[in-house]
Amino acid sequence: MNLKSFFKIYLRKLLRLKPTRKPLYDFFYYDGVPHKKRALLAYRVFGVWAQARTTWSAIGDVHDVLRVLSEMGYRTDVIDYDDTTFIPKRKYDLYIGHYGSNFEHIAPLLLKETVTVFYPMYAYWKFQNTEEEQRLAEIRQRYGVTLAAERTIRASDDYALAHADGVIVMSNLRGMKTYPRDTAIFRINNAGYGGEKCMDLATKDFAAAQSFLFIAGSGNAHKRLDVILEAFAGMPDKELYLCTKLEDDFKTAFEKYLFHTPNIHYIGHIRIYTPEFYDLMRKLNYVVFGSCSEGSPGAVIDAMFQGLIPLVSVGSHIDIADVGTVIEPFGVEEVQRTVREVSGNDAVWAKERSIAVQNYAKDVFSIERYRDTLKKHIEKIIENKKGQPR
């Protein structure tokens, strides 16, 4: 990075100050490219100040966006994605905004020639909210409990979709198609750091590793953890490990499954790429994930880098080709049928499939492919803008 940014960031570290969400100006990498253009990036500024690269899609991906912009010749000012107080005082050649409310605040303050890109990491906000409402209704009907919505998108993206010169959605084709826009909209796959930290599958005992993993961020109901719990509670010979944070109301409603079912093991949050993480990976052959609406599930991709075979819902919006299984509809009976089917294969099959999963992840979800694709999409949006009459 440039010296000015370096000293600001590392002085805060030296003084042991907590990472901040305040803007960071003139960020670029010394990569042999003249940085004569200016970009404004409204994204995870916390990750830049912290220089955090533990996980890709939670914090660390902002570094790869900045890498791409630097390679394209931009000095970048970085603000937080939900900052609606920032007032642009410079001439920007490019603006990339992640969140609808920020985009609606910033875009009208920019010059008309500024290229504007909307960069969401989730399905269309109305689609996602509707899917979550339906999930909560299903739980009320099946279990008689009312849970709070945890993944509701409260800021409209419609202004950004109507006014951005281009849209880059982090999702698969189905996820991108939830957006009501037909022109200048592109998709990009999630990536992950697991390509640099893949477990050596030659050291794994696949005959012993017959267990299943659920790993995810917030939104237990949204990600159909209730369905997965009930399914495994009905299969006492199948072991399930849970790595997620539990919402209080969900924990209360499903306490029996979570803490009093012998084949279900709640671990909680686990730091990836630690010895504890790899110890757990050696017990597992599969990752199961049932979200009703995602952009692209980074936790599943982290597991795939370690060779775990994915069993996912359509709404997870991740392409797994022929290395995993899509469960649709994602209900208790369907999950049980799939789990019994895949676990009925022998260790030779599991090892071959696991190697295929890892190779697929290292190719499709690589950092290099993400950067190349992002750069091509931005260049195409800039090209389209130049071709429009002023």
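Helices here are DSSP runs of H or I with at least four residues, and strands are E runs of at least two, numbered from the N terminus. The model is predicted.

**View 1. Glutamate 138 on helix 5.** Glutamate 138 lies in helix 5, which spans residues 125–143. How large is the relative accessible area of glutamate 138? The value is 32%. Alanine 221 is 83 residues away from glutamate 138 along the chain. The C-alpha atoms of the two residues are separated by 9.8 Å.

View 2

**View 3. Strand 12 and its two neighbours.** Strand 12 covers residues 309–312. Strand 11 (residues 284–289) runs parallel to strand 12, and four bridges join the two. Within this pairing, valine 288 has leucine 311 as its bridge partner. Strand 13 (residues 325–326) also runs parallel to strand 12, with two bridges between them. Here leucine 311 stands opposite threonine 325, and valine 312 stands opposite valine 326.

View 4. Are the faces of strand 12 covered or open? Both are covered. Ile309 and Leu311 are buried on one side, Pro310 and Val312 on the other. Strand 11, helix 12 and strand 12 together make a β-α-β unit, and the unit is right-handed.

View 5. A pair of aromatic rings is described by the distance of the centres and the angle of the planes. For phenylalanine 212 and tyrosine 286, the ring centres are 4.6 Å apart and the planes are at 15 degrees, so the pair is stacked. Phenylalanine 212 belongs to strand 8 (residues 211–215) and tyrosine 286 to strand 11. The pair thus links distant parts of the chain, 74 residues apart. Both phenylalanine 212 and tyrosine 286 are buried.

A further stacked pair is formed by phenylalanine 214 and phenylalanine 289. Their ring centres are 6.3 Å apart, with the planes at 15 degrees. Phenylalanine 214 lies in strand 8 and phenylalanine 289 in strand 11, so this pair ties together parts that are 75 residues apart in sequence. Phenylalanine 214 and phenylalanine 289 are both buried.

**View 6. An aromatic cluster.** Which residues form this cluster? Tyr143, Phe250, Phe254 and Tyr257 come together as one aromatic cluster.

View 7. Strand 5 covers residues 115–118, and both of its faces are covered. Val115 and Val117 are buried on one side. Thr116 and Phe118 are buried on the other. Strand 4 (residues 94–97) runs parallel to strand 5, and four bridges join them. Glycine 97 stands opposite phenylalanine 118. Strand 6 (residues 166–170) is also parallel to strand 5, joined by two bridges. In that pairing, the partner of valine 117 is glycine 166. Strand 4, helix 4 (residues 100–106) and strand 5 form a right-handed β-α-β unit.

**View 8. Helix 8, mostly covered.** Helix 8 spans residues 225–233. How many of its nine residues are buried? Eight are. Among them are Leu225, Val227, Ile228, Leu229 and Phe232. Asp226 and Glu230 of helix 8 are buried too.

**View 9. The largest pocket and its lining.** The largest pocket has a volume of about 1400 Å³. Its lining counts 43 residues. Which of these are the closest to the centre? They are Ser57, Ala58, Arg151, Gly217 and Ser218. Helix 3 (56–71) and helix 12 (298–305) each supply at least two lining residues. Helix 3 gives the most, with four. By class, the lining holds 18 nonpolar, 16 polar and nine charged residues.

How values were computed:
Residues numbered from 1 in each chain as written. Predicted model: local features only at pLDDT ≥ 70, side-chain atom pairs only at ≥ 80, totals over all residues. Heavy atoms only, no water. 1 Å grid on protein atoms, 1.4 Å probe; cavity = no way out; pocket = protein on both sides within 12 Å on 5 of 7 lines; lining within 4 Å. Points joined across faces, edges and corners; volume = space filled by probe spheres on them. Nonpolar A, V, L, I, M, F, W, Y, C, P; charged D, E, K, R; others polar. Buried < 20%, exposed > 50% of the residue type's maximum accessible area, 1.4 Å probe, protein only. Pairing = 2+ DSSP bridges. Right-handed = clockwise from strand over helix to strand, strands pointing away. Phe/Tyr/Trp six-rings, centres within 6.5 Å; stacked < 30°, edge-to-face > 60°.
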